[in-house]
Amino acid sequence: MHPHEELLHRFYQAFQRRDHAGMAACYHPEATFEDAAFQLKGAEIGQMWRMLCERGRDLRLAYNDVAADEHVGRATWDARYTFSQTRRKVHNHIQAHFTFQDGLIRTHRDEFSFWRWSRQALGPVGWLLGWSAFLQNKVRATARQGLEQFMARPKQ
């Protein structure tokens with residue numbers, strides 16, 4: 001098994017345990033992360049995982065199809081959780097794409113159907129507007145604001 005494939009297994013196993021510090025340790029200091037809700041770099045990535053792991057009390061994660069070589073990697077993962085803002089159940093199916101530098105994750109991009117996610121997480125609003133850039137931008141702005149508030153709070 002290539003060391004980068006082992007790295008991805010470590011990352012997802014830490015995620016299954018909700019071990020945000022273990023997840024953050026898999027990223028290069030100059031890493032970037034992108035999905036439908038976030039565009040992050042550096043230490044912000046670890047803070048996002050910390051926020052999601054701490055808030056996702058019922059989070060269940062399964063992953064498979066992990067593959068990596070010297071340059072790129074991929075994985076498929078499924079998250080099941082309750083979306084905190086609406087208390088609605090979500091099952092999100094995600095395709096992850098990675099690049100590596102110095103034995104760590106340099107870029108991480110998660111792709112999923114935003115419309116499918118929004119129908120589950122937001123209900124009728126997601127059903128009606130989940131395809132629109134308006135709702136996608138609103139979700140991204142709300143996610144960013146939530147992360148900034150989380151990072152600004154005193155550590156306990």
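The model is predicted, so local features need pLDDT of at least 70 and side-chain atom pairs count only at pLDDT 80 or more, while totals for chains, interfaces and linings use all residues. Residues are numbered from 1 along each chain as its sequence is written, and side-chain values use heavy atoms, with hydrogens and water left out.

**The sheet**

Begin by selecting the strands, which, like the helices, are DSSP runs numbered from the N terminus (helices: H or I, at least four residues; strands: E, at least two). Six strands form an open sheet with mixed pairing, in the order β2-β1-β6-β5-β4-β3; two strands pair if DSSP finds at least two bridges between them. At the edges stand β2 (39–41) and β3 (60–68), each of which has a single partner strand, so one side of each is left without a neighbour in the sheet. From one strand to the next, the twist averages 15°. Angles here run from 0 to 180 degrees between N-to-C directions, and axes are lines fitted to C-alpha atoms, for helices over the stretch in contact.

**The strand pairs**

Next, select β1 (residues 27–34) with β2: the two pair in the antiparallel sense over three bridges, and a hairpin joins them through four residues. In this pair, T32 stands opposite K41 of β2, and E34 has Q39 of β2 as its bridge partner.

Move to β3 and β4, which pair in the antiparallel sense over seven bridges. A hairpin of three residues joins β3 to β4, and A67 is found opposite R74 in β4.

**The helices**

Select α4 (residues 114–122), which lies across β4 and β5 and runs at about 140° to β5.

Now display α3 (43–55) and α6 (133–152). Their axes come within 10 Å and cross at roughly 90°. The two helices are therefore roughly perpendicular to each other (under 35 degrees counts as roughly parallel, over 145 as roughly antiparallel, 65 to 115 as roughly perpendicular and the rest as oblique). The contact (heavy atoms within 4.5 Å) is made by residues including M48, M51 and R55 of α3 and L147, F150 and M151 of α6. Its residues divide into five nonpolar, two polar and five charged; Ala, Val, Leu, Ile, Met, Phe, Trp, Tyr, Cys and Pro count as nonpolar, Asp, Glu, Lys and Arg as charged, and the others, Gly among them, as polar.

**The largest pocket**

Finally, select F38, L52, Y81, F83 and W117, which lie nearest the centre of the largest pocket, among its 31 lining residues. A pocket is an open set of points, on a 1 Å grid over the protein atoms alone, where a 1.4 Å probe fits, with protein on both sides within 12 Å along at least five of seven lines; lining residues have an atom within 4 Å of a point. The largest pocket holds about 820 Å³ of space, the volume being that filled by probe spheres set on the points, which are joined across faces, edges and corners. Its lining comprises 20 nonpolar, seven polar and four charged residues. The largest share, six residues, comes from α6.
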